[in-house]
Amino acid sequence: MKKYKRLLGYILFAAILTAVLLYWRFPSEAVRQYLQAAAGRFDPHLAVTVHDVRPVLPFGLEISKAELGLKERPGLSLFKADSFVVMPSLRVLVLGRPAFRFDCKAYGGEIQGVISFKKYSLEGPFDTEIQVNSVRLGRHLSLKELFKREMTGEINATVNYTCSKGNFLLGGGSGDISVSNGSIRFAQPFLNMESFDFERLDAKIVLEEQRISLDSFDFKGKQMEGKVSGTIHLSPNFESFARSNLNLTVAAKAFPSLFKEMGGLLDVTRFLGQGSKDGSFTITIRGTVAQPRISFG
């Protein structure tokens, strides 16, 4: 019995020593360069910048100050994380292929999930399940350039996404998204409003073959409430995202606060048509994200 205890002690000592040496001599620079190169091989349009990589117990990596951008537009940040911790997931035992769970701190909130690869390669294709908690859109400074308008609000979401190698926009998936206490600033005043301030926005979306379909999309603010239906056909790459085509219908009802801004119910009726005496109206949105064309129906 003494012999086995001594052997177990030697094994534990060797394991601890190996872990300490691995942490101390961890090839941070080599791993950092590999991660940056792997993203480029997955999608040649993307550029990943990683400030530092270090091991975390028991078998994980912590990536600090990671940023996802575009090679053609080095000043544009698609996503920026303060920290990103990755560890093996128990799903690897079921799936028989690489699977990792991650915890990301970004934009004042947290993003958690699981990513599983279909091959033994970090270059895809892969499946993900993502949970977004309390991410603040106002802290994402590049959203204005991507969507050609300012947006704020706190976003919570659950997303399932599958992506094949080559282009993130060619993937497919679905999501339940909620944004609270936010605003969308218009490029030009709309219904005398410089921006639409909403208390809550809830949407169920499906992404398939570069097309976003709105299964449901409800919004409510101090000025109006309503529903949005239709599709958004995405541009094939992030560089031209603002040229994505819109085919949307909005059924809304204006509140007294909007009547006041426009000068009263009479002015609203004249502007929107005789069918809107109770403040209800319908608009269609065509054109692109950068230059939408709005008409009243």
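Visitor: What do the side chains of R54 and E62 meet in?
Guide: R54 and E62 meet in a salt bridge, 2.9 Å from N to O. The term takes a side-chain nitrogen of Lys or Arg within 4 Å of a carboxyl oxygen of Asp or Glu. This is a predicted model, where local features need pLDDT of at least 70, side-chain atom pairs count only at pLDDT 80 or more, and totals for chains, interfaces and linings use all residues. Residues are numbered from 1 along each chain as its sequence is written, and side-chain values use heavy atoms, leaving out hydrogens and water.

Visitor: Is E62 buried or exposed?
Guide: E62 is buried, at 18% relative accessible area. Buried means under 20%, exposed over 50%, and partly exposed in between, with a 1.4 Å probe and protein chains only. R54 comes out partly exposed at 36%.

Visitor: How many salt bridges by that rule?
Guide: The count is 7.

Visitor: Which residue does R73 form a salt bridge with?
Guide: R73 pairs with E145, and their closest N and O atoms are 2.4 Å apart. The pair links distant parts of the chain, 72 residues apart: R73 sits in the loop between β2 (60-70) and β3 (77-88), E145 in helix α4 (residues 143-147). Helices (H or I, at least four residues) and strands (E, at least two) are DSSP runs, numbered from the N terminus.

Visitor: And what's the relative accessibility of R73?
Guide: R73 has 26%, so R73 counts as partly exposed. E145 is partly exposed at 36%.

Visitor: New one: what does E110 form with K105?
Guide: A salt bridge, with the closest N and O atoms of E110 and K105 3.0 Å apart. K105 is partly exposed at 37%.
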